[in-house]
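Trainee: I should like to go through this structure with you, question by question. Please let each answer end on the item I ask for.

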Amino acid sequence: MATRTVHPTPALKRAYGDAKSENAFFQGDNATVLATAQRAWKERFRLVYFDPPYNTGRTFAEYTDRTSPRAWAEMILERLRLIHPLIREDGALVAQIGDTEFASLHLLLDEVFGRDNRISTVTLVRSAATGHKAKNAGPVNVSDFL
């Protein structure tokens with residue numbers, strides 16, 4: 001199946017590939033992309049995978065994962081509100097998060113999508129707190145959540 005790449009400029013002027021394709025790759029800030037997609041892709045997706053910043057307080061080469069809890073919640077709420085109209089009635093959103101903002105994300109998802117639409121929380125073990133390489137000076141986060 002063909003894929004097209006869309007760069008979210010105001011008029012989406014730079015697009016590559018088959019414009020009639022069911023697949024698209026967007027490059028840009030996700031809030032801009034989601035706002036751009038509102039009319040064209042309303043209720044189109046059966047599955048949305050949402051991987052927000054975990055707000056761990058760490059700095060990575062690509063970005064800083066450190067904002068105040070309030071700023072993080074405002075950013076996530078904006079994006080969830082933009083995602084909601086894109087999901088079909090029979091669709092689902094899967095959000096992955098660590099334990100730092102796990103509770104906050106649950107509350108935001110409930111606010112936007114409704115508590116009755118929450119199906120389950122899945123715990124993913126991403127590492128082990130023991131072993132010959134372990135240096136556990138304190139609590140160790142070994143799980144992510146879907």
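Trainee: In which strand does Ser143 lie?

Mentor: The model is a predicted one. Within it, residues 143-145 form a strand, and Ser143 belongs to that run. The strand is β9.

Trainee: Is Ser143 buried or exposed?

Mentor: Residues under 20% relative accessible area are classed as buried. Ser143 has a relative accessible area of 16%, so the class is buried.

Trainee: How confident is the predictor, in terms of the mean pLDDT of the protein chain?

Mentor: Of the residues in the chain, 77% reach a pLDDT of 70 or more. Over residues 7-12, however, the pLDDT is below 50, although this stretch has 12 contacts in the model beyond near neighbours in sequence. Where pLDDT is low, the predicted coordinates should not be read in detail. For the protein chain, the mean pLDDT is 83.

Trainee: Which element supplies the largest share of the largest nonpolar core?

Mentor: This core has 23 residues, and Phe50, Ile76, Leu80, Ile83, Leu105 and Phe113 have the most contacts inside it. At least two residues come from each of α1, β4, α2, β7 and α3. The largest share is six residues, and it comes from α2.

Trainee: Which residues is Phe50 in contact with, leaving aside its neighbours within four places in sequence?

Mentor: Phe50 is among the residues with the most contacts inside the core. Beyond its sequence neighbours, Phe50 is in contact with Ile76, Arg79, Leu80, Ile83, Leu93, Val94, Ala95, Gln96 and Leu105.

Trainee: Which elements do the buried residues of α2 pack against?

Mentor: Helix α2 has 15 residues, and its reach of 21 Å from first C-alpha to last is close to the 21 Å expected. Its buried residues are Trp72, Ile76, Leu77, Arg79, Leu80, Leu82 and Ile83. They pack against α1, β4, β7 and α3.

Trainee: What is the relative accessible area of Trp72?

Mentor: Trp72 has its place in helix α2. Not counting residues up to four places away in sequence, it touches Pro53, Asn55, Thr67, Ile97, Glu101, Ser104, Leu105 and Leu108. Trp72 is buried, with a relative accessible area of 1%.

Trainee: Where is Asn55 found?

Mentor: Asn55 counts as buried at 8% relative accessibility. Among the residues it touches are Asp65, Arg66, Trp72 and Thr100. Asn55 is found in the loop between β4 and β5.

Trainee: Within what arc do the buried residues of α1 fall, seen down the axis of the helix?

Mentor: The buried residues of α1 are Ala31, Val33, Leu34 and Ala37. They line one face of the helix, because they fall within an arc of 160°.

Trainee: Which elements do the buried residues of α3 pack against?

Mentor: The end C-alpha atoms of α3 are 16 Å apart, which agrees with the 16 Å that its 12 residues should span. Leu105, His106, Leu108, Leu109, Asp110, Val112 and Phe113 are buried in this helix. Just after α3, Gly114 takes a positive phi of about 90°. The buried residues of α3 pack against β4, α2 and β7.

Trainee: How many aromatic pairs are there?

Mentor: Ring centres must lie within 6.5 Å for a pair to count. By this rule the count is three.

Trainee: Why is the pair of Phe60 and Tyr63 called tilted?

Mentor: Phe60 is partly exposed at 29% relative accessible area, and Tyr63 is partly exposed at 40%. Their ring centres are 5.4 Å apart, and their planes stand at 40°, so the pair is tilted.

Trainee: How many residues apart in sequence are the parts tied together by Phe102 and Phe145?

Mentor: The rings of Phe102 and Phe145 have centres 4.5 Å apart and planes at 40°, so this pair is tilted. Phe102 is partly exposed, with a relative accessible area of 23%, whereas Phe145 counts as buried at 16%. Phe102 lies in helix α3 and Phe145 in strand β9, so the pair ties together parts whose separation in sequence is 43 residues.

Conventions: Residues are numbered from 1 along each chain as its sequence is written. This is a predicted model: local features need pLDDT of at least 70, side-chain atom pairs count only at pLDDT 80 or more; totals for chains, interfaces and linings use all residues. Side-chain values use heavy atoms; hydrogens and water are left out. A nonpolar core is a set of buried Ala, Val, Leu, Ile, Met, Phe, Trp, Tyr and Cys residues joined through side-chain atoms within 4.5 Å. Buried means under 20% relative accessible area, exposed over 50%, partly exposed in between (1.4 Å probe, protein chains only). Helices (H or I, at least four residues) and strands (E, at least two) are DSSP runs, numbered from the N terminus. Contact means heavy atoms within 4.5 Å. The expected span of a helix is 1.5 Å times one less than its number of residues. The arc is that of the directions from the helix axis to the C-beta atoms. pLDDT is the predictor's confidence in each residue, from 0 to 100. Rings of Phe, Tyr and Trp (its six-membered ring) pair if their centres lie within 6.5 Å; planes under 30 degrees apart count as stacked, over 60 as edge-to-face and the rest as tilted.
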